[in-house]
Amino acid sequence: MFSQFLQFLFSGITVGATYALAALGFTLIYNASNVINFAQGEFIMLGGMLAFYFMQSGLSLPLALLLAIAIPAVVGVLFEKLAIEPARDAEVVTLIIITIGASLVIRGLIQIWLGKGAHSYPAFSGSEPIQIGGATLLPQSLWVLGITALVVVALWYFFSRTLAGKAILATSCNPLAAQLVGINTQWVLLVSFALSAALGAIGGVLLTPITLTSYDVGIMLGLKGFVAVVVGGLGSGLGAVVGGLLVGIIEAMAAGYISSAYKDAIPFILILFILFFMPRGIFGAQVTERV
Amino acid sequence: MSVLKRQYPLMILAGVLLLLPLVLPNNYYYDIAIRMAINAIIVLGLNLLIGFAGQISLGHAGFVGVGAYASAILPSQFGWHPLLAMGAGAAIASTIAAIVARPIFRLKGHYLAMATLGLGIIIAIVIKNEAAYTGGPDGMPVAPLGLMGFEISGEKQWYWVLAAILLFSFWAARNLIDSPFGRALRALHGSEVASQVMGVDVVRYKVTIFVLSAFFASLMGSVTAHYIGFVTPNIADFFHSIELMTMVVVGGMASIYGSLIGAVLLTALPQALSTFEGWETVAFGSILILCMIFMPKGLVPTLAARFGRNGQEDR
């Protein structure tokens, strides 16, 4: 009984960590530009697919992973330069639609290039399961959790201890004031998009040995990352991480105890509940709007 | 402006719809024309929501799916009359919309996008999973639509049915926009606070227009199901929602002519691109991005501003 619970918890935390990375990506871009980036999930897909491609073409594991994270970051920068920047002052609806357009373009190009099949590659350090309290834990899950934890700590350090990080925070508080004290807000936008794309790609690279990847996994993963953002509260970094883990765990528990067929519906039922009863999420700030 | 002159656009549309069969060479082209009309009617409703009320729906295909599956399931498994099933579908879709809309419209910005997105995906998942009723991912056949002993069948008959519905929707949408209701909608797109101060019940108007657009989406879902004679869960999926939204955006937000043009262009596009697998998605995405960057108002309003008499009539 308990071992079963533990098993669901393990799988929930593993997927949840990926949602958390995606949610952090959403949060970064939202804070820097007020854009909800619906292409976030495509970066997760891009990470996994590129890692598969490079490994298949014979590159060593570290090099393949590095490229699979660096290239999406470049794509993120291009995306900002080519699609978001020219429409800077547009309405929210317009910007949302642009990011949806970008996600279709990325997905379509990958489908044309690498085909429709599902792909995977071997786990980083073997696939001999570890026994804990009657439940099994894959070594790859430890990689997912470990690297996610590292990334979160690194991000915390970046935003609270470095000048560049603080410049980004300042821009998200008030772009005009940030510009006046000499922060290059253009640069901040680019860094946010690159960073958020890289975060998504890291999630994809880590998760693929466990769940497989294909050109169309981006939508679901991205949307669930987005649910995590809403659960945690739009704009909150801590909220994104907690939200991600929470969505992962709730999804795994519901799949295990209620119905695995409705696993994918759970996060969206959750999002409706959250919007109805606590629209600012768990950690979201109270904002009063000025007219 | 005389009553007659005001109805010019309606007469032009009627003329086009009447003359079109003269140039349609075969059933394949009839089929495309029918799909264009179906999309145009859904897009008219969606545009009232996105363009005039300034609210975005990322789950509209969910409502189309509700209508389609009501028409598929109720007659074949419960013996309902198809028209009754169609009405029931529309009633269910409207009810879902109303229940969701009330709490959501008190919030602002991205929230409706999130909620409708979640709703659409839940509907699609339910359709895929309840295989005992819906046939699951494989879909299910739909009985033909009979009216008083007369059965609508074949592309040519369906063409006239849809031409009539399209004409009616066009007329209704134009009248709605120029009614006090329409003026209130446009006002709250301009400034919610200002319209609230002027006594517009913002939440009520938004809920009404959302329910109305869900109602039409569901009706057209039923019509699509009967016309094709088969439904699959694809009709309710996220990509279909995006397609519908693209039609609104490309044609022109808050433009009734734009809705028609957007539906016609983007229904034709996949037909033209269907031989290049994958490029269809890329093309859709690129069109969305380019359109939003270079003409954020959409095709018709942008062209109208450039060439036309600016003002009232170009809506």
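Of the 291 residues of chain A, 51% count as buried, a residue being buried if 20 or more other C-beta atoms, placed from the backbone, lie within 10 Å of its own, exposed if 12 or fewer, and partly exposed in between. The structure is a predicted model, in which local features need pLDDT of at least 70 and side-chain atom pairs count only at pLDDT 80 or more, while totals for chains, interfaces and linings use all residues. Residues are numbered from 1 along each chain as its sequence is written, and chains are lettered from A, with ligands numbered from 1, in the order in which they are written.

Chain A holds 11 helices and 2 strands, where helices (H or I, at least four residues) and strands (E, at least two) are DSSP runs numbered from the N terminus. Read from that end, the order of its elements is α-α-α-α-β-β-α-α-α-α-α-α-α. The C-alpha trace of chain A spans about 60 × 45 × 35 Å along its principal axes. Its radius of gyration of 19 Å agrees with the value near 19 Å for a compact globule of 291 residues; the radius is taken over C-alpha atoms, and the globule rule is 2.2 Å times the number of residues to the power 0.38. Of the contacts in chain A with a separation of 6 or more, 76% are accounted for by residues 24 or more positions apart, two residues being in contact if their C-beta atoms, placed from the backbone, lie within 7 Å.

Glu80(A) sits in helix α3 (residues 61–84) of chain A and is buried, because 25 other C-beta atoms lie within 10 Å. Beyond its neighbours within four places in sequence, Glu80(A) contacts Glu85(A), Leu189(A), Leu190(A) and Phe193(A). Gly101(A), 21 residues away from Glu80(A) in sequence, is 13 Å away in space, C-alpha to C-alpha.

Turning to chain B, the model shows 15 helices and 4 strands. The radius of gyration of chain B, 19 Å, is close to the 20 Å that the globule rule gives for 315 residues, so this chain is as compact as a globular protein of that length. Its C-alpha trace spans about 50 × 50 × 45 Å along the principal axes, and 49% of the 315 residues count as buried.

Confidence in chain B averages a pLDDT of 84, and 94% of the residues score at least 70; pLDDT is the predictor's confidence in each residue, from 0 to 100. Helix α4 (residues 60–78) of chain B has the highest mean, 93, and helix α1 (residues 3–6) of chain B the lowest, 68. Over residues 310–315 of chain B, pLDDT stays under 50. Where pLDDT is low, the predicted coordinates should not be read in detail. For the model, ipTM is 0.83 and pTM is 0.85.

The two chains meet through 33 residues from chain B and 36 residues from chain A. On the side of chain B that touches chain A, α6(B) gives the most, with 11 residues. That side of chain B comprises 25 nonpolar residues, 8 polar and no charged, with Ala, Val, Leu, Ile, Met, Phe, Trp, Tyr, Cys and Pro counted as nonpolar, Asp, Glu, Lys and Arg as charged, and the others, Gly among them, as polar.
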